[in-house]
Amino acid sequence: MFAAAGSSVLVGAAIVASRSVVAEVPPLTLALLRYAVGFLCLLPFALAALRGTRTLPPPRDLWAMAALGTGQFAILIALLNWGLQSVAAAPAALIFSLFPLVTLLLGAALRSERITARLLAGVLLSIAGVALALAPKLQGAGRGSWGGELAVFASACVGALCSVLYRPYLQRYPTVPVSAFAMLVSVLSLAAAALSEAWPWRVLALSGAAWGVVAFIGLASGVGYFWWLHALKHEPATRVTVFLALNPVTAAVLGWALLGEPLAPQLLGALALIAAGLWLATRPAKPGGLASPR
């Protein structure tokens, strides 16, 4: 659980850092650089973990992990960025906070996780905490288009599905090589998608300050993604994804501390709701839930 919490805090920190370079680096190019740096950070550790290994995963597993990496990064990011073109950031964040609820429902549908009243209450409390944290921005946000809102929701569904399907491969293979391989595949996918933003020329034109921010974002992504998969390896997907509720709170606190953004007075209440939700969601499940695995 510490790995899941640390991953979510790092994602929140990366969101704040991204705000400072978004005017200079377009979204797909930033995602490409972010995961390229993350991959380079993980590569030495992945090679060390593979040292002495004589056999690689079978092609079927490699293709599956490649598909999951593409979904977790390239497809999720593309859908989210497309949705953000017509949906304000705060409503989009609230829609995306449905991620753990979708994960719970998918896990139950695939018989990989049991729904309990306590787990469901924890997920709903965390979503309520996110809504409370975003309330001031939601009041001033105009309504987006249905297409944009569906794209943001679809991005959460893609992430939830990948989180549920990752676990068998994480239990079969070391976490660091799986993380590095998935991130490498996503970099290749994003390199093709970001050609529409002329990323090779934009990269050459980046300032030294922007490169420093990109390096931090990439490092946070590499470490955060490793922690994320480490948590998925040892815990059910819903108990991991519920920690995503920490993202907006982390971003709000760091935005106030580093960027001078106003801090909403109800943030403490939001944090209390999220903390209660996390406490409920991460308590050991008791037998007799609403659905049971095979």
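Modeller: Bear in mind that this is a predicted model.

Colleague: How many disulfides does the structure hold?

Modeller: The number of disulfides is zero.

Colleague: And how should I read a pair of aromatic rings?

Modeller: A pair of aromatic rings is described by how far apart the centres lie and by the angle of the planes. In this model the count comes to one aromatic pair. The ring centres of F99 and W228 are 6.4 Å apart and the planes stand at 80°, so this pair is edge-to-face. It links distant parts of the chain, since F99 belongs to helix α5 and W228 to helix α10, 129 residues apart.

Colleague: Are F99 and W228 buried or exposed?

Modeller: Both F99 and W228 are buried.

Colleague: Which residues touch the most other members of the largest nonpolar core?

Modeller: That core has 49 residues, and those that touch the most other members are Y35, Y166, Y225, L229 and L232. Among the elements that give two or more residues to this core are α2 (27-50), α3 (59-84) and α10 (208-234), while α7 gives the most, with nine residues.

Colleague: What does Y166 touch, leaving out residues up to four places away in sequence?

Modeller: With those left out, Y166 touches M65, L68, G69, Q72, V178, A182, Y225, L229 and L232. Apart from this core lies another, of 21 residues, including A5, A133, V249 and L278.

Conventions. Residues numbered from 1 in each chain as written. Predicted model: local features only at pLDDT ≥ 70, side-chain atom pairs only at ≥ 80, totals over all residues. Heavy atoms only, no water. Core = buried A, V, L, I, M, F, W, Y, C linked by side-chain atoms within 4.5 Å. Buried < 20%, exposed > 50% of the residue type's maximum accessible area, 1.4 Å probe, protein only. Helix = DSSP H or I, 4+ residues; strand = E, 2+ residues; numbered from the N terminus. Contact = heavy atoms within 4.5 Å. Phe/Tyr/Trp six-rings, centres within 6.5 Å; stacked < 30°, edge-to-face > 60°. Disulfide = S-S within 2.5 Å.
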